[in-house]
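Student: I would like to learn how to read a model feature by feature. Can we take one and work through it?

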Amino acid sequence: MDTLSALLSMTKFTKLGNTKLQISKLGIGGAAFKDHTDSKHAKEVVETALKNGINYIDTSPWYNNSERLLGEVLSHVNRNKYIISSKCGRFYSDDILEWFDFSYDKITESIDNSIKLLHCKYLDICFCHDIEFAPTVEVVTSEALPAMQKAREKGKIKYIGISGYPLEKLKSVVELSTVKIDVVLTYCKHTLNDTELLSYLPWFAEQGIAVINASPFAMGLLTDAGPPKWHSASEVTRKAARDAAEFARAEGSSITRLALQFSTSEPRVPCTLVGCETKEQLLENIKVINEGLTQEETILISTVREKYFADSHHSWEGVGEDKFWTKVKNEMEKATSVYWKMQNATA
């Protein structure tokens, strides 16, 4: 498919819930640039995205260099040509005890810093990032979200969102919040291995909340290379994914092609975020979307889901949280031990 055909296909924007934003079917996940040291690839990806009708870019302070590199690129782009979202509450640091801070002052500081790094006058959407890691739901509803509301009143952000993996916890925050939430961003919840999002879409729609889907490849699980070592999926799920990938190859397709087509196929979800480190990866993803599925591949998707992901629980809810709080406990115990050693040494 030539560039013009791709452009015509990808510029079919959809209204994002009850917001005034018209959003593209695919969005650019800024986490892909977290370890890059210069903006070369970010520039190529963003320029390619905009030329091909993709207008949504997402990032976060948690993604290390991402905001700074995207800011270098977007400073040369007309502000009305793109939709930008960033996040607050989760931060990049070598110290695990500094990874999360949902306090009012820190959220306010974070939003200001994101706007500065991104060289934009405002954020279209700001998400409270990975709310399941907050020590309590109350700190999200009584501090983080009110700080975001104040930022909205000052014109620093247009719409307020929350993000996370466990859908039930996202729902709980919506139910408890006195601040209007416009958008929910969740990931790995409408994939070949997990379609839990489908059961929550009617409820979010009833609340007037738009849903953005992310990570159609389930953070690398649904790829030929397989997931990274840190992935929280069980060995049962990893094996199912490996077998599914091998089966897709044997049938003349690929697990990534099937995963992307499936994840972007739900009409009630207006946008799916995909991380692309290079413009070649982005163009390949655009090609997959624009080509559509053959009848054989449609059948193949059903077969893959029924054969490899139907019988077992292929989610990893709670695993990442448990790992995090165990590490926090260990770090706190180390700090306490060092403190008392210092006290004894000076006694």
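This is a predicted model: local features need pLDDT of at least 70, side-chain atom pairs count only at pLDDT 80 or more; totals for chains, interfaces and linings use all residues.

Student: Which strands pair with β9?

Tutor: Helices (H or I, at least four residues) and strands (E, at least two) are DSSP runs, numbered from the N terminus. Two strands pair if DSSP finds at least two bridges between them. Strand β8 (residues 183-187) runs parallel to β9, joined by five bridges. There, Val183 has Ala210 of β9 as its bridge partner. Strand β10 (residues 271-274) also runs parallel to β9, through three bridges. Ile212 is partnered with Cys271 of β10.

Student: Why is β9 described as largely enclosed?

Tutor: Buried means under 20% relative accessible area, exposed over 50%, and partly exposed in between (1.4 Å probe, protein chains only). Strand β9 (residues 210-214) has five of its five residues buried, so the rest of the structure largely encloses it. Both faces are covered: Ala210, Ile212 and Ala214 on one side, Val211 and Asn213 on the other.

Student: What is the handedness of the unit made by β8, α7 and β9?

Tutor: Point the strands away from you. A crossover is right-handed if the path from the first strand over the helix to the second then runs clockwise. β8, helix α7 (residues 197-206) and β9 form a right-handed β-α-β unit. β3, helix α2 (residues 40-51) and β4 form a right-handed β-α-β unit too.

Student: Which strands pair with β3?

Tutor: β3 pairs with β10 in the parallel sense over three bridges. Gly27 stands opposite Leu273 there. β3 also pairs with strand β4 (residues 56-58), parallel, over three bridges. Ile28 has Ile57 as its partner in β4. In strand β3 (residues 26-29), Leu26 and Ile28 point one way, Gly27 and Gly29 the other, and all are buried.

Student: Where are the buried residues of α4?

Tutor: Check the span, then the faces. Helix α4 (residues 104-118) has 15 residues and reaches 21 Å from first C-alpha to last, close to the expected 21 Å. That expected span is 1.5 Å times one less than the number of residues. Ile107, Ser110, Ile111, Ser114, Ile115 and Leu118 are buried in α4. They cover an arc of only 130° around the axis, so they sit on the same side of α4. The arc is that of the directions from the helix axis to the C-beta atoms. On the other side of α4, Asp105 and Lys116 are exposed.

Student: Which residue with a positive phi follows α4?

Tutor: Most residues other than glycine have a negative phi. His119 follows α4, with a positive phi near 55°. His119 lies in the loop between α4 and β6. Asp130 is not a glycine either, yet has a positive phi of about 50°. Asp130 lies in the loop between β6 and α5 and is buried, at 5% relative accessible area.

Student: Is Ser66 buried or exposed?

Tutor: Ser66 is buried, because its relative accessibility is 0%. Ser66 lies in helix α3 (residues 66-74). A contact means heavy atoms within 4.5 Å. Leaving out residues up to four places away in sequence, Ser66 touches Gly30, Ala31, Phe33, Lys34 and Thr59.

Conventions
Residues are numbered from 1 along each chain as its sequence is written. Side-chain values use heavy atoms; hydrogens and water are left out.
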